[in-house]
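Q: Hi! Could you walk me through this model, starting with what sits around the ligand?
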Amino acid sequence: MAGKKNILPLKKEFPAISDKISKKAIVYLDSACTALKMKSAANEQRDFLLKLGACAGNRSVHLLSREVETEFYSARKAIAGFIGAKSPEEIVFTSGTTEGANLVAMSFPFKKGDEVILSPLEHNSVFLPFYRLSKRGKIKLKIIPLKDFKPDFSAYKKMLTFKTALVCVTRASNIFGGAVDIKKFISAAHKKKAKVFIDAAQYIPTHKENVGDLNADMLAFSGHKMGAPFGTGVLYVKKNLFGFLKPSKLGGGTVKKIIRENGLYKVDFFKSNAAYEAGIQNYSGAVALKKSFELLHKIGYKNIRAHIRKIVEYARLKLSSFKEIKIMGNGKELSEGSIISFVCENPRFSVIDFNIFLQEYSSEYFVAVRCGRHCADLAVLNSGVKSTVRLSFFIYSSKRDIDIFCDALGAYLKSL
Ligand SMILES: Cc1ncc(COP(=O)(O)O)c(C=O)c1O
């Protein structure tokens with residue numbers, strides 16, 4: 001880490017950094033897709049699975065099951081604290097941001113005439129559930145215009161009306177980088193009595209988030225982008241909304257009681273987070289997610305941001321020295337995020353060829369980046385950019401990674 005040294009033995013925590021694939025060392029610049037996994041989180045999950053392989057909740061109440069529930073609840077409580085939620089009961093465990101966004105779209109009690117406003121930076125995991133609802137005539141979908149790689153706030157204010165039921169804004173774009181100043185989007189929505197859902201998938205891994213300060217109604221993120229195992233994530237929901245939303249994924253653990261009266265069945269659903277966690281949960285994933293949060297807190301978000309800021313700025317300056325490269329986003333503001341994305345204006349540049357070149361050009365290294373539309377089709381279509389090369393960073397990223405990438409880029413451009 002920049003600044004403080006030896007805060008964490010990063011190489012020990014991320015064994016994949018030192019691994020070789022096909023005898024080549026890895027230069028990992030694809031953390032926005034998924035971060036390399038933390039050893040302590042993986043160990044936590046493995047130990048949990050081997051020791052505590054029973055269910056939680058109030059299904060079985062034997063001692064092993066009670067122990068699982070204690071650990072699961074402790075993860076819920078810790079994560080609530082880490083993100084500034086008022087209570088553990090505001091945490092819904094999910095498999096990731098995609099599930100969180102789908103739960104919101106499918107559980108929101110839309111009524112005739114309701115409108116949903118989406119930022120143009122929304123990932124397809126947010127756009128598609130609402131697109132489908134609009135195609136089925138359940139909502140009217142409006143997309144905020146893009147201005148300087150951000151949702152245009154003035155245009156947004158004009159789009160808001162008392163018909164707006166829900167606004168979805170991403171906290172940090174997964175294609176253009178930087179971060180969105182979402183507080184003003186949230187308070188403008190609340191003035192029109194609309195609810196707000198925040199996609200924090202690209203923000204939470206390297207920023208301290210506080211849902212209370214934001215006054216967000218719902219917020220989702222994925223554990224695998226912060227070193228926790230795949231299939232982990234959280235949907236934060238403001239407590240008073242549990243009575244308002246109508247759970248869409250039903251199953252075991254979501255009901256208070258089911259009765260039969262005069263030959264008819266009646267179901268009394270929970271009006272709490274329990275109604276959103278149907279079926280057996282990923283208990284081991286939840287405790288591992290808690291572990292990765294603990295590690296990030298131990299390093300300290302000030303240190304993390306200082307490190308990532310330096311990396312983004314270094315990448316921006318190095319990439320700016322290539323005449324044909326056009327960086328997406330607004331200069332220094334990019335260092336508020338953990339991504340740098342670019343296009344190449346040389347017509348002979350092919351992102352597909354370049355990606356292959358990154359795997360083949362060196363006998364010592366291969367470079368992992370993401371090329372394409374990044375499941376951010378709204379941003380692609382609203383910006384006119386066809387596809388980008390994206391470098392994305394996490395706590396293990398280094399200036400050396402960028403040097404290696406830029407050498408490869410220089411060699412590729414020369415070969416055109
Ligand atoms: C901004 C954003 N939102 C949502 C998602 C979907 O996350 P997941 O695949 O973990 O559900 C991603 C994944 O890349 C993302 O970058």
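**Around the ligand**

A: Happy to! This is a predicted model. The shell around the ligand is made of two nonpolar, nine polar and two charged residues.

Q: Which residues are the closest to the ligand?

A: The closest are Thr-98, Asp-199, Ser-222, His-224 and Lys-225, out of 13 residues that surround the ligand.

Q: How far is the side chain of Ser-222 from an oxygen atom of the ligand?

A: An N or O atom in the Ser-222 side chain is 2.6 Å from a ligand oxygen. His-224 also has a polar side-chain atom 2.6 Å from an oxygen atom of the ligand, and for Gln-202 the distance from a polar side-chain atom to a ligand oxygen is 2.7 Å.

Q: And how much of the ligand does the protein bury?

A: The protein buries 86% of the 390 Å² that the ligand exposes when taken alone.

Q: Where does the largest cavity lie?

A: It lies between domain 1 (10–37 + 300–415) and domain 2 (41–297), because both give residues to its lining. Among the lining residues are Ser-31, Gln-202, Lys-225 and Phe-393. By class, the lining has five nonpolar, five polar and one charged residues.

Q: What about the lining of the second largest cavity?

A: That lining takes at least three residues from each of domain 1 and domain 2. Phe-149, Lys-150, Asn-330 and Glu-333 are among its residues, and the classes are three nonpolar, four polar and two charged.

Note on methods:
Residues are numbered from 1 along each chain as its sequence is written. This is a predicted model: local features need pLDDT of at least 70, side-chain atom pairs count only at pLDDT 80 or more; totals for chains, interfaces and linings use all residues. Side-chain values use heavy atoms; hydrogens and water are left out. A residue is near a molecule or strand if one of its heavy atoms lies within 4 Å of it. A polar contact is a pair of N or O atoms within 3.5 Å; within protein, one must be able to donate a hydrogen and the other to accept it, and residues adjacent in sequence count only if both atoms are side-chain atoms. Accessible areas come from the Shrake-Rupley method with a 1.4 Å probe; for residues, only the protein chains shown count as cover. Ala, Val, Leu, Ile, Met, Phe, Trp, Tyr, Cys and Pro count as nonpolar, Asp, Glu, Lys and Arg as charged, and the others, Gly among them, as polar. On a 1 Å grid over the protein atoms alone, a cavity is a set of points where a 1.4 Å probe fits but cannot get out, and a pocket is an open set with protein on both sides within 12 Å along at least five of seven lines; lining residues have an atom within 4 Å of a point. Domain bounds come from an automatic or database domain assignment.
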